[in-house]
Amino acid sequence: MFLRSSCGCLLCRIESNLLRELTPGDDGVHLALLASSDELRRFPSVPALLSDLRSSQADPRSDKVFRALFTARETARQSVEMLFVLAFLPMLHRTVRRVAKQQPGLSSEDVAQQALHFLLDFIRSEQLRRRTSHFAFVISRTLKRRLFLWANHEGVLSSVRVEGNGEDSGSPAVQESFERHAILRHFLDRCATRQLLTHAELDLLIPFRLDGNSGDFPVGTSFQNSSNAHRQKRKRLLAKLRRLAR
């Protein structure tokens, strides 16, 4: 039995529909999935498997389950992808709420649709297929990063329209902002793909360069002593980006 949200959003409706398909029974597809490997055979039902995935601690035991599912996807793609969507829906739901709160100009339903697109796209990617460990952690981190990058890009366009007093999307100001942020996003994606930037550096860039957040901590907080270290990291990172851009 799973606790379901009652907010009625797109993700909750999708979860409700997919969970109904996991009702224990004589579904041959689901039974075949569980029988496809020793690692999956230890689960008495697909709901039990889903419960295990949702409580995954990103440890070696959970990695075995993920590897078994990726192998089983070759013959049961729809069932495996449905499981992955259900497994990560609680995380997506929390992330969509955070994004919608940060970018009130974006529709929650649009953010949810984009989140699902990123999830399915990454699950089907060659990058994930080549991994051998830390599946849950990498999927969660990648989805959050991509969604926040997308939301910040969309939010910039929205704010430019507002500041332009109703200028349409074809105005020079809007086009210039769009092109500038598209180039930045493309540049960062290429740096990450070529491993010129580490995941930690990208995580530092997201709140600093894209959110417009200085990253400093208020005076008097317990984190104030860390602000100098953050500033030094940002300076080194910006110098590295300038070198890469040249």
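A disulfide here is a pair of cysteine sulfur atoms within 2.5 Å, and a search of the whole structure turns up zero of them. The model is predicted, so local features need pLDDT of at least 70 and side-chain atom pairs count only at pLDDT 80 or more, while totals for chains, interfaces and linings use all residues. Residues are numbered from 1 along each chain as its sequence is written, and side-chain values use heavy atoms, with hydrogens and water left out.

- C12 counts as buried because its relative accessibility is 7%; buried means under 20% relative accessible area, exposed over 50%, and partly exposed in between (1.4 Å probe, protein chains only).
- C9, at 24% relative accessibility, counts as partly exposed.

- Beyond its neighbours within four places in sequence, L69 is in contact (heavy atoms within 4.5 Å) with L33, L40, L49, L53, V80, L83 and F84.

**Helix α4**
- In α4 (residues 46-54), the buried residues are V46, P47, L49, L50, D52 and L53.
- Their cover includes α1 (10-20), α2 (28-34), α3 (38-41), α5 (60-72) and α6 (77-102).

**Helix α1 and its partner α7**
- L10, L11, C12, E15, L18 and L19 are the buried residues of α1, and they pack against α4, α6 and α7.
- The axes of α1 and α7 come within 9 Å and cross at roughly 50°; axes are lines fitted to C-alpha atoms, for helices over the stretch in contact, with angles from 0 to 180 degrees between N-to-C directions.
- The two helices, α1 and α7, are therefore oblique to each other, as angles under 35 degrees count as roughly parallel, over 145 as roughly antiparallel, 65 to 115 as roughly perpendicular and the rest as oblique.
- L10, L11, R13 and I14 of α1 meet E109, A112, Q113 and L116 of α7 in this contact.

Note on methods. Helix = DSSP H or I, 4+ residues; strand = E, 2+ residues; numbered from the N terminus.
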